[in-house]
Structures are given as structure tokens and as C-alpha cells.
Amino acid sequence: MVSGVIKVINKIISAICKALHNEFGYEVYKERIEQGLKEPCFFVQSVSPSNVPTITGRRRRECQYSIVFFPESGKPYEAINAAIERLYDALEIITVDDVKIRGKDIATAVTDDVLTFLITYDFFMVSLGEDDNMDGYEIEQRGE
């Protein structure tokens, strides 16, 4: 189950990166870069994942993602203000494995000429036990 959650989180990060690259064309990093960061660029990471059990046996996973925008140093606030609106449009709905998911709880903050854009995506995980295996079952059709 844990590895499945990690895979989904990484797929969502990849979908965010793809949406950012399609909208802006800038470099998008998934890992911290200590040297050689070329501005403008984005850094994407998962923060504060949660696990909410439901009565149906499924678990709702909510994960907040932090998208950090490093603008060029010339006019950073102008670039940041323009980027915010484009980020809303690009990240409101992303596609993960041909499934569209909608972001929620969007927040922005600007600190030291850098924009942090927070967005939450949630998804459901189902734990299949050994008894849930469909091997050995047949589908029976009735009627015309």
C-alpha cells in the first residue's frame, strides 16, 4: 500500500511538472538544486500528505504540493504577479494516468522575491486483500 501511495504522489508531481512546462516552458525541478539554478524556473515537492479512512474500506489521501517559482531578478514582482494567474489556470485540473483531478485549497505567498504556490490534490486508495482477487470468477450474462 505504501509504495502505491508513493507512486501516485510521484505521478501527481510529474503531472504538475508537465503542466508547468506546457504553460511556461521553464525548467522544472523535482529535487533541490544547490548550484546552477537557472532562473526563471520552478521547484515542485509534496508536503503534508494525509490519510483519511472511510467506512467503505477506501482511504482518501490528500496531499498538498508546493510549487516554488524563482523569477528572473530584473522585475521579480511583475513576473510573480503574472505567474500567479497562469498557475491557477495550469494547475486547477491536471491529468494523471488519463484521469483528470482538480486541485483545491490554493494559497500563495511571496517571500524574498520568490513565489510559493500551494495546491492540494486528493485521491482514493483501495487495499485489495487476498479475498478480493477476481481469479476463478466468471461473468454470467442473462437475458437478451
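Predicted model: local features only at pLDDT ≥ 70, side-chain atom pairs only at ≥ 80, totals over all residues.
Aspartate 112 sits in the loop between strand 6 (104-111) and strand 7 (114-126). Its phi is positive, near 55°, and the residue is not a glycine.

Aspartate 98 also has a positive phi, about 65°, without being a glycine. The loop that holds aspartate 98 lies between strand 4 (93-96) and strand 5 (99-102). Aspartate 98 counts as exposed because its relative accessibility is 75%.

## Overall fold

The protein chain contains 2 helices and 7 strands. Read from the N terminus, the order is α-β-β-β-α-β-β-β-β. The chain has 144 residues, and 31% of them count as buried.

The chain exposes about 9,900 Å². Carbon and sulfur atoms supply 47% of that area. Among contacts with a separation of 6 or more, 57% join residues 24 or more positions apart.

Strand 1 (residues 27-29) pairs with strand 2 in the parallel sense. The pairing has 3 bridges. Tyrosine 29 stands opposite phenylalanine 43, a residue of strand 2.

Proline 40 belongs to the loop between strand 1 and strand 2. The peptide bond from glutamate 39 to proline 40 is cis, with omega about 0°.

## The hairpin of strands 2 and 3

Strand 2 runs antiparallel to strand 3 (residues 58-70), and 11 bridges join the two. Together they form a hairpin with 4 residues between the strands. Glycine 57 lies in the turn and has a positive phi of about 95°. Serine 50 has glutamate 62 of strand 3 as its bridge partner.

## Valine 52

Valine 52 lies in strand 2 (residues 41-53). Is valine 52 buried, exposed or partly exposed? Buried means under 20% and exposed means over 50%, with partly exposed in between. Valine 52 has 28% relative accessibility, so it counts as partly exposed.

Beyond its neighbours within four places in sequence, valine 52 is in contact with Arg58, Arg59 and Arg60. Valine 52 and glutamate 62 are 10 residues apart in sequence. Their C-alpha atoms are 7.9 Å apart in space.

Conventions:
Residues numbered from 1 in each chain as written. Heavy atoms only, no water. Buried < 20%, exposed > 50% of the residue type's maximum accessible area, 1.4 Å probe, protein only. Contact = heavy atoms within 4.5 Å. Areas by Shrake-Rupley, 256 points an atom, 1.4 Å probe, with all protein chains shown as cover. Pairing = 2+ DSSP bridges.
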